[in-house]
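Here are some questions and answers on how terms are applied to one structure. Each answer sets a value against its definition.

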Amino acid sequence: MLDFLQTIVSGVAVGSSYALMGLAMVLIYKTSEVVNFAQGEMALVSCFFTYLVLEYHGFPFYVAFPGALVFSAILGCILEFAVLRRAKEPTILGMIIITIGLEMILMGFVSWKFGADPKTMPFPISPYDSVALGEVFVSSLEVLTFFVALAVMAILFFFLRYSKLGVAMKATQQNNMAARLMGIRTNRILMFTWGISSVVGCLAGLLISPMTMQPYMMWGPMLKGFASAVLGGMTSLPGAVFGAYLIGIIENLFGGYVSIEFKSVVAFAIVVLVLCIKPSGLFARHYVKKV
Amino acid sequence: MKMKGLFVGVLAVALTLGLSFGAMAEEGVTDTEIHIGQWGPQTGPAAPWGSVARGTDAYFKMINAQGGINGRKLIHHMFDDGYNPAKTKAGVKELQEGTGMFAWVSGVGTAPGLSVVDYLMDKKIPWVGPSAGSLHWIDPPKKYLFAVYPLYYIEAKGLCEYAVEKLRKTRVAIAYQNDDYGKNGLQGAAEQLAKYGLELVEQVPVEKSDTDMKPHIMKLKKAKADVVLLWVTPIHAIRIVGTGKAMRFGPQWMSTSTCSDFPFMFKISKGLWKGVIAATFGELPDSDDPLLQKYKKEAYEKYAAKGERWGLFYYAGILFAEPLVEGIKRCGKNLTRERLVKEMEGIKNFKGIGGTINYAPLDLAEPYCRQGQKEIFLVKCLDGGKYEKLTGWWKIK
């Protein structure tokens, strides 16, 4: 029983970082229907930038971390403005291919600038300390990640539902042309979306970095985040979070009780299964054009 | 007219001789140059091991600055394969069939090496010092392949022997990378424990794509292991030890030479690597061994790129290439591949910056005739990533 509880808690713990990546991907997908494969590497650049100022320039945490979030917001906006918006007669597929190209460029940049040796991010909380819930252990960093993921989900949920910008984002996604006719500057909305999404991704990266950092570190979490988002329906924020926790828990249960060798791929098997049974994901509302 | 005929005759003879000499000259060798090829990941997940190739490069530059070998300079052709066997194979073929290598040296990784071993052996091209301690290189032994890196299999045996006989531990487990590298460690550990009538209490496979190590730790914890061997990449090793600490599981961790670069491991594990015991195959970075110091001064300090670290894997690039250089030296002016093989087979009690190197004439029934270094020693990580030697050079049976 204790093992089972530990497995569930471990699954929730690991699901939190997937949730953050999933949220970041859902945001961009919601407004542009583009799956952003550069999401992980955008966070990677921000994390290495943070590492640089912390390790080599001696900035304190309270400057470096907010600085990283600002940097990531600007990076997201710049990428949308300077790269994606320049695509001529863009199709969804073309845009996705552009994000894959961006992913490679950003990873290449980090490998070139910082080298391939693994590093570790200085962080106020040790990734190796843990909190004990009776005989069940969870690392303090994972507790922090859990609360950050829930907080980000709540903030984004209310932001999209009640703020003007949030509603404009939804309108842009549902009907770009109509939104423009209603006076929404859809290009600008897209740019802001990329900025916000980049900040959420950066948060995930910052919470992954205290253990080890290397140029490949965000690829796995990005894929798991994507799988979570697909599971949740790609357009639903709570869906992405729920999907992430579900994947985290199933992965751990599978690793613990079935086969540890195939633990990492079980997430993708679940996605295939869900897509076969319920193609729009678990949480998405299926829009059907009536006319 | 007679003179003209004579001239044509002499010219014809000269051309024929010239051509035949040309045809006799060994591929990759000229009067002034010897072309040596090497691959190593400079990008991708295994890039930290790419320093091996850069170490060899500095070593060759040092030799060239000192006049080369028997009047010939070593021309080093290094390429980045990203630890991707498909790229290794393409790169090796391109260099071999385009430029023409005399021999190959080092080359990081079991899987990349396995993708080209048949190609090199079929073409009878010498390959010295693969940068991986796999049993594949010597079992069965191959005429043109001379291994240097002590076997992972041997390292696992040594660590288990130490755990049982010195530390008096009986519950040994292993977390191993689910490929040839990890399985070599698993095999060595299982065989050594069987000698004491023991079995591995748990064997946990680790996939390269795994990032969450909690299920692995739970299995190890459940098995009540008091020693855990880590036959994984440095990043996975740190994740396992770190997750172990978070889940209050603290056995004696032991690891292979691939994780024995303690200053590096200590730093990126935020000090968690302290107390870990590892096998290693070369002099320690801070050793006052005169030869190691010479390499540091004349190869590393003169030719290493800015920011390059004097770490175990950097100078391992020298260690793996030393026997090849020795073999070429012994050939004298008459350098051919067959001669090199013969001279390499004659290397006995050669001491560079690793253990003693011995080869023997090819005997298909004796794999160790092609395993140069058979010794390792054990070290323990102290505060600040310093080394404590637990044993001297140790030949494990």
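Q: Is the crossing of H9(A) and H11(A) left-handed or right-handed?
A: The crossing of H9(A) and H11(A) is left-handed, a term used if the near helix is turned anticlockwise from the far one by less than a right angle, with right-handed used if clockwise. The model is predicted: local features need pLDDT of at least 70, side-chain atom pairs count only at pLDDT 80 or more, and totals for chains, interfaces and linings use all residues. Residues are numbered from 1 along each chain as its sequence is written, while chains are lettered from A and ligands numbered from 1 in the order in which they are written.

Q: Why are H9(A) and H11(A) called roughly parallel to each other?
A: The axes of H9 (residues 219–232) and H11 (residues 266–277) of chain A cross at roughly 25° and come within 10 Å. Angles under 35 degrees count as roughly parallel, therefore the term applies to H9(A) and H11(A).

Q: What makes the contact of H9(A) with H11(A)?
A: Lys224(A), Ala227(A), Val230(A) and Leu231(A) of H9(A) meet residues of H11(A) including Phe268(A) and Val271(A). Contact requires C-beta atoms, placed from the backbone, within 7 Å.

Q: Why does the span of helix H6 of chain B agree with its number of residues?
A: The expected span is 1.5 Å times one less than the number of residues. For the 16 residues of H6(B) (residues 180–195) that should be 22 Å, and the end C-alpha atoms are 23 Å apart, so the two agree.

Technical notes
Helix = DSSP H or I, 4+ residues; strand = E, 2+ residues; numbered from the N terminus. Axes fitted to C-alpha atoms, helices over the stretch in contact; angles between N-to-C directions. Parallel < 35°, antiparallel > 145°, perpendicular 65-115°, else oblique. Contact = placed C-beta atoms within 7 Å.
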